[in-house]
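Trainee: I would like to learn how to read a model of this kind with some care. Could we take the features one by one, with the general idea first and the case at hand after it?

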Amino acid sequence: PILFMESVIFTHMQFDKEINKVVRDKNAELKRQFELLKSSGYKNIYYLSSDNYIGDDGEATVDGIHLTDLGFLRMAKVLLPIIETIISNN
């Protein structure tokens, strides 16, 4: 199995419009490529959107970029269900 994961939308991106655009463009292209593979018949591939990876209260990072323990915990809570799905399907 392959899990396609979007890049995290970090808090600092609201202030750095260039990085915001780069990350959002990368995520859009990742989604496009995933959909292309899926429509080409690839099986056992999964996609995880960056929606709510770390929350939006600003408490998940030390400096807007680097995750705190809370940030890693939030990300783990998002990842766990899809990993369980992948494991149960294989």
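Trainee: Which residues of α1 are buried?

Mentor: Buried means under 20% relative accessible area, exposed means over 50%, and partly exposed covers what lies in between, with a 1.4 Å probe and protein chains only. In α1, the buried residues are N20, V23, N27 and F34. Please keep in mind that this is a predicted model, in which local features need pLDDT of at least 70 and side-chain atom pairs count only at pLDDT 80 or more, while totals for chains, interfaces and linings use all residues. Residues are numbered from 1 along each chain as its sequence is written, and side-chain values use heavy atoms, with hydrogens and water left out.

Trainee: What do the buried residues of α1 pack against?

Mentor: Packing is read through contacts, and contact means heavy atoms within 4.5 Å. The buried residues of α1 pack against β1, which covers residues 2-5, and against β2. N20, which sits in α1 (residues 17-39), is in contact with M13 and Q14 once its neighbours within four places in sequence are left aside.

Trainee: Why does N20 count as buried?

Mentor: N20 counts as buried because its relative accessibility is 14%. K31, also found in helix α1, is by contrast partly exposed, because its relative accessible area is 33%.

Trainee: How are these elements defined, and what pattern does the protein follow along the sequence?

Mentor: Helices (H or I, at least four residues) and strands (E, at least two) are DSSP runs, numbered from the N terminus. The protein has two helices and two strands, and read along the sequence they follow the pattern β-α-β-α.

Trainee: What span should α1 have at 1.5 Å a residue?

Mentor: The expected span of a helix is 1.5 Å times one less than its number of residues. For the 23 residues of α1 this gives 33 Å, and the end C-alpha atoms are 33 Å apart, so the two values agree.

Trainee: Which residues have the most contacts inside the largest nonpolar core?

Mentor: A nonpolar core is a set of buried Ala, Val, Leu, Ile, Met, Phe, Trp, Tyr and Cys residues joined through side-chain atoms within 4.5 Å. The largest one here has 14 residues, and those with the most contacts inside it are V8, F10, Y53, I54 and M75. Both β2 (45-48) and α2 (69-88) supply at least two residues of this core, and α2 gives the most, with four residues.

Trainee: How should I read the backbone angles, and what is the phi of N44?

Mentor: Most residues other than glycine have a negative phi, and most peptide bonds are trans. N44, in the loop between α1 and β2, has a positive phi near 60 degrees although N44 is a residue other than glycine. N52, in the loop between β2 and α2, likewise has a positive phi, of about 60 degrees, and is not a glycine. Just after α1, G41 takes a positive phi of about 100 degrees.

Trainee: Is N52 buried or exposed?

Mentor: N52 is exposed, because its relative accessible area is 59%, whereas N44 is partly exposed, with a relative accessible area of 28%.

Trainee: To finish with the whole chain, how many of its contacts join residues at least 24 apart?

Mentor: Among contacts between residues at least 6 apart in sequence, 59% join residues at least 24 apart. Of the 90 residues of the protein, 30% count as buried, and along its principal axes the C-alpha trace spans about 40 × 30 × 15 Å.
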